[in-house]
Amino acid sequence: MSESPVPKEITHSAPAEAAKLGIGTDEWVAQHEERTARKKGLKGIPQLISETVPAWARWVVLLAAAFAFGAFVDNQYLLRIGVNLGLFVMLAYGLNIVMGYAGLLDLGYVAFYGIGAYGYALMSSEQIGHHWSTWLSVLIIIIGTALLGYIVSLPARRLFGDYLAIVTLFFGQVFVQLVLASDNITFPWADDYVDITAGANGIPGIDPFSFFGHKFLNIRDYYWLLLVLVALLTITISRVNRTRIGRAWRTIREDALAAESMGVMVNRLKTMAFVTGAAIAGLAGAIFAAMQSAVFVSGFDMPLMTMIYAAVILGGSGSLAGAVMGAIVMSVLPEVLRVTNYSEILFLAVLVLTLAAVGKSVKRFTINIVSIVLIGFAVKILLGFASIKITPTEEWVVGPVSRALSHWMYVPLDRVLWGNCAFVILIVLIAYFTTTTPRIKTILLPIIGYLGIFLWEVRLVTDVNTTRQLLIGAMLVVLMITRPQGFLGKPRVEVL
Amino acid sequence: MSEKKPLLEISNIDTYYGVIHILQQVNLRVDEGELVCLLGGNACGKSTTLKTILGMVKPKVGKIMFAGEDVTHQNTPARVKLGMAVVPENRRLFAPMTVLENLKIGAYVRGEAAEEDLERVYELFPKLKERSSQLAGTLSGGEQQMVAVGRALMSHPRLILMDEPSMGLAPKLVEQSFEMIANLHSQGVSMLIVEQNANMALSVADRGYVLQTGRIVLEGEAKELAGHEELRRAYLGR
């Protein structure tokens with residue numbers, strides 16, 4: 001009994017690190033400060049800014065930039081992008097309350113935007129023949145969408161996550177179908193049909209906003225209106241977020257059951273989130289209809305919904321600044337990508353970033369890039385020996401990037417056929433890549449990279465609409481792998 | 001402790017999960033200022049009793065009186081407002097929120113959290129003050145337990161319900177945890193502790209109940225229970 005051996009402290013190799021902290025301390029917890037300490041060099045700059053510049057100062061800078069944009073930019077196209085951005089920020093704010101704070105996966109959110117737009121269109125156009133005052137119609141829209149938000153929230157009280165998503169998705173589709181079908185309604189007491197929404201044709205000729213006798217004829221008017229609204233919303237929402245209501249919303253997102261046992265009235269708060277989000281979206285819809293002077297139901301369907309979700313998730317769900325950032329990316333980027341020159345550069349940037357994210361070390365990354373370049377030359381030389389014809393350079397080149405690449409890449413005569421083939425092969429290779437061993441992965445990666453560039457340059461770059469979606473999708477995938485909490489979201493850390 | 005005013009009294013509770021009969025004719029009482037422990041092995045209905053008291057599960061028959069009111073048909077937030085507070089199993093902190101926010105949510109039913117309430121919690125757990133801006137999920141188990149208890153205290157509860165305060169803690173932290181419970185008790189806080197660690201629980205409690213497959217099979221003074229032959233064999237492992 002008395003000769004039980006004393007346990008020897010291990011002092012060599014990796015455990016030495018733990019021994020320094022003393023046995024019995026939780027390493028992870030003990031090193032928490034160290035881990036959150038500022039990084040050195042370039043990586044530390046964002047953190048340095050966030051620590052030294054207070055949040056309000058950053059908002060003021062943003063506001064000043066937005067103000068300068070409105071005051072000095074005269075280009076109608078640019079101003080329209082600015083207005084779209086404002087609308088996008090409003091939508092992202094609303095969704096940020098519903099999804100970011102309260103954690104309710106509302107896939108019918110965009111319908112409230114549509115209802116706001118159609119509501120304004122019906123109250124201010126020749127469709128039914130009403131031309132009500134802006135004040136009145138905007139007020140009706142805000143109250144109406146809030147009420148609808150309340151109704152939609154009723155089933156949401158008992159639902160969570162995917163179940164709620166299905167119910168709200170259904171609501172969004174009901175809106176679209178109702179609008180499409182409401183151009184031909186026969187009431188039992190009438191002989192002739194009534195056209196309420198004009199179906200897929202949309203409603204044209206909507207009156208612009210008019211406040212105190214001032215008609216919003218210039219797009220700049222809408223820009224100022226949105227700037228003021230967004231500024232007010234920013235202040236209000238961030239205030240609310242710091243009160244007990246905001247805290248309670250976030251507890252519902254984290255753990256509704258625990259929240260309820262703390263006395264949080266979960267159902268009431270869910271409803272509040274829905275109602276607020278719906279009212280904000282409805283107001284944005286009214287502004288959109290007045291600015292656009294025409295509404296089409298196809299604009300309020302799933303594609304827009306995914307873009308709003310992408311904006312909120314990209315920026316970091318639950319962060320207002322993140323919502324603005326995401327909105328900037330999601331509304332401005334598609335415009336930038338209309339120009340093939342920019343989209344080519346962006347594509348290569350995404351590719352390089354992906355390689356950097358996958359490669360992890362500088363050495364790996366360099367090897368990958370060099371291998372891709374070598375593969376390109378090898379393919380070109382081999383096919384050159386086989387004297388297979390290629391497309392003449394002038395016919396294919398769309399910009400400086402493809403001109404540079406033309407010396408390196410093989411461009412087949414039938415670009416559509418070979419592009420499609422490359423697409424299929426690429427998908428198969430990527431699917432294989434995700435399941436195979438590390439060794440084969442290292443071989444496969446440069447081939448996938450080359451095929452990607454080939455597919456892009458030969459087939460996709462001229463197809464602007466498809467490529468926009470693809471690029472945004474690819475960016476989201478890369479971001480979610482490298483920074484799952486979004487640009488400005490809080491990373492999730494748990495010791496459990 | 002001499003006035004013997006019942007704070008919580010549940011009588012003849014029957015609780016079902018679907019068709020499964022969980023609690024059968026459970027009677028339980030906590031007096032003002034008393035520390036009562038509810039003991040029992042796995043799956044005997046301890047947590048269900050707590051959930052029934054808190055209103056997360058509704059009993060099929062029976063009556064729950066709290067602070068002189070019949071709360072049988074009230075929902076959880078209403079009961080919390082009347083003065084119940086819970087330290088849930090596994091603590092269930094809101095991990096991505098700061099310690100301060102976690103504490104403040106405890107005062108939700110009272111409105112905005114008062115500064116002096118926070119000070120009181122910090123006085124009890126000085127460590128939380130320095131950690132107040134840290135995310136709750138990054139705390140160690142023992143610190144999380146402090147936050148969970150602090151969060152419960154923020155609502156000025158008349159009764160704290162603790163579900164397995166020893167769960168997932170190292171032996172030393174379990175000891176600390178019970179020291180803290182004894183400390184709170186000496187300040188006059190009424191508590192109902194659900195626990196598997198009978199030894200520890202009985203060492204701090206005034207009275208105890210033993211639950212077995214949904215029935216109360218034993219009740220009595222903590223000292224008596226600690227000396228009870230059968231109980232010792234069954235739960236204390238001695």
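**A note on the interface of chains A and B**

1. Let's start with the bridges: three salt bridges are counted between chain A and chain B, each being a side-chain nitrogen of Lys or Arg within 4 Å of a carboxyl oxygen of Asp or Glu. Arg247(A) forms a salt bridge with Glu112(B), and the closest N and O atoms are 3.0 Å apart.

2. Please keep in mind that this is a predicted model, where local features need pLDDT of at least 70 and side-chain atom pairs count only at pLDDT 80 or more, while totals for chains, interfaces and linings use all residues. Residues are numbered from 1 along each chain as its sequence is written, and side-chain values use heavy atoms, leaving out hydrogens and water.

3. How many residues of chain A are in contact with chain B? There are 29, and they meet 29 residues of chain B, with contact meaning heavy atoms within 4.5 Å.

4. Together the two chains bury about 2,800 Å², 65% of it on carbon and sulfur atoms; this is the accessible area (1.4 Å probe) that two parts lose on being put together, summed over both. On the chain A side, Arg244(A), Arg247(A) and Met262(A) lose the most area to chain B, together 27% of what that side buries.

5. Met262(A) also turns up in the lining of the largest cavity, along with residues of chain B including Val80(B) and Arg151(B). Here a cavity is a set of points on a 1 Å grid over the protein atoms alone where a 1.4 Å probe fits but cannot get out, and lining residues have an atom within 4 Å of a point.

How values were computed:
Chains are lettered from A and ligands numbered from 1 in the order in which they are written. On a 1 Å grid over the protein atoms alone, a cavity is a set of points where a 1.4 Å probe fits but cannot get out, and a pocket is an open set with protein on both sides within 12 Å along at least five of seven lines; lining residues have an atom within 4 Å of a point.
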